[in-house]
Amino acid sequence: MLIAHISDTHIAGKNKNAYGVVPTAANLELCVANINQLAPNPDLVLVTGDITCNGLLEESKRAAAILRKLRSPYYIVPGNHDDRSTLLSAFGQNACPVENNTFIHYVIEGYDIRLIALDTSSPGQSGGEICETRLSWLEEQLSLKKDKATILFMHHPPAKCRVLETDKDTFIGVGKLGDLIKKHQNIKRILCGHIHMSAHLEWYGTVISVAPSMGLEIVLDLTLKRPSEFTMEAPAYQLHYLTPENNLVSHLITVKDKDGPYRFKEYPESMGLH
Ligand SMILES: [Fe+2]
Ligand SMILES: [Fe+2]
């Protein structure tokens with residue numbers, strides 16, 4: 001099974017860039033084209049929130065128009081920059097198979113791994129939240145297939161990732177979420193976004209994997225002293241592949257022109273290789 005994992009596309013309105021300068025829509029187009037030429041083709045593509053810049057319908061529609069070009073089925077969850085109702089209206093049931101519009105959470109069945117989408121967004125709040133309603137919904141879903149390999153995907157990582165911009169956010173209900181997660185050894189991974197850089201960390205007996213953004217990357221400062229800044233980089237996404245040995249291996253794919261591939265042999269120095 002192969003899963004492509006995109007996050008933080010931050011699509012602005014027509015002919016606009018994120019924060020005025022980051023060409024996130026053009027970057028997402030490049031990512032979609034890159035994913036479409038993968039062999040094997042991903043079974044599905046997950047987009048872990050902050051799909052839009054400001055939650056506007058125009059932005060959601062622009063994002064949906066680009067993601068619709070994917071050859072694989074794709075699914076979304078909202079982030080703190082999104083608005084549930086505009087996402088639902090732009091993306092529809094295929095990408096958001098929800099029963100009602102209270103929360104965008106749902107379960108994807110029929111694959112080697114069961115996938116549970118969680119909605120950690122809370123209007124007007126940049127941090128994450130799993131309230132009692134969402135927690136009990138998750139508890140019920142997990143109880144239905146305790147032995148089936150499972151992935152959770154959501155916008156906010158439920159742990160601090162040593163990124164000032166997002167570590168200062170709170171995550172309401174995180175303790176109860178962790179207590180529930182540690183009871184379920186079948187959760188192979190929690191896929192997230194929000195921090196605008198690739199990261200992996202252990203958490204309550206599972207692993208959190210964070211996908212980078214569409215070229216709007218936060219500057220890594222492990223001292224947490226510098227003001228939050230971003231750089232414009234090539235867009236990237238993660239690929240999670242379930243091996244025949246039943247391990248989920250994750251690769252970071254950066255979408256840019258590359259020199260190569262080269263075989264491992266000696267080349268003339270005049271070729272300028274390092
Ligand atoms: Fe974001
Ligand atoms: Fe976010």
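Helices (H or I, at least four residues) and strands (E, at least two) are DSSP runs, numbered from the N terminus. The model is predicted, and local features need pLDDT of at least 70, while side-chain atom pairs count only at pLDDT 80 or more and totals for chains, interfaces and linings use all residues. Residues are numbered from 1 along each chain as its sequence is written, and side-chain values use heavy atoms, with hydrogens and water left out.

Start with helix α2, residues 57-67. Its buried residues (under 20% relative accessible area, 1.4 Å probe, protein chains only) are Glu 59, Ser 60, Ala 63, Ala 64, Ile 66 and Leu 67. They lie on the same side of α2 because they cover an arc of only 160 degrees around the axis, taken from the directions from the helix axis to the C-beta atoms. These buried residues pack against β1, α1, β2, β3 and α3.

Next come the pockets. A pocket is an open set of points on a 1 Å grid over the protein atoms alone, where a 1.4 Å probe fits, with protein on both sides within 12 Å along at least five of seven lines; lining residues have an atom within 4 Å of a point. The largest pocket has a volume of about 310 Å³, the space filled by probe spheres set on the points. Of its 18 lining residues, the closest to the centre are Tyr 19, His 81, Glu 165, His 196 and Ile 218. Strand β12 gives the most to this lining, with 3 residues.

The second largest pocket holds about 220 Å³. Among the residues lining it are Phe 103, Tyr 106 and Trp 137. Helix α4 supplies the largest share of this lining, 3 residues.

Conventions
Chains are lettered from A and ligands numbered from 1 in the order in which they are written. Buried means under 20% relative accessible area, exposed over 50%, partly exposed in between (1.4 Å probe, protein chains only). Contact means heavy atoms within 4.5 Å.
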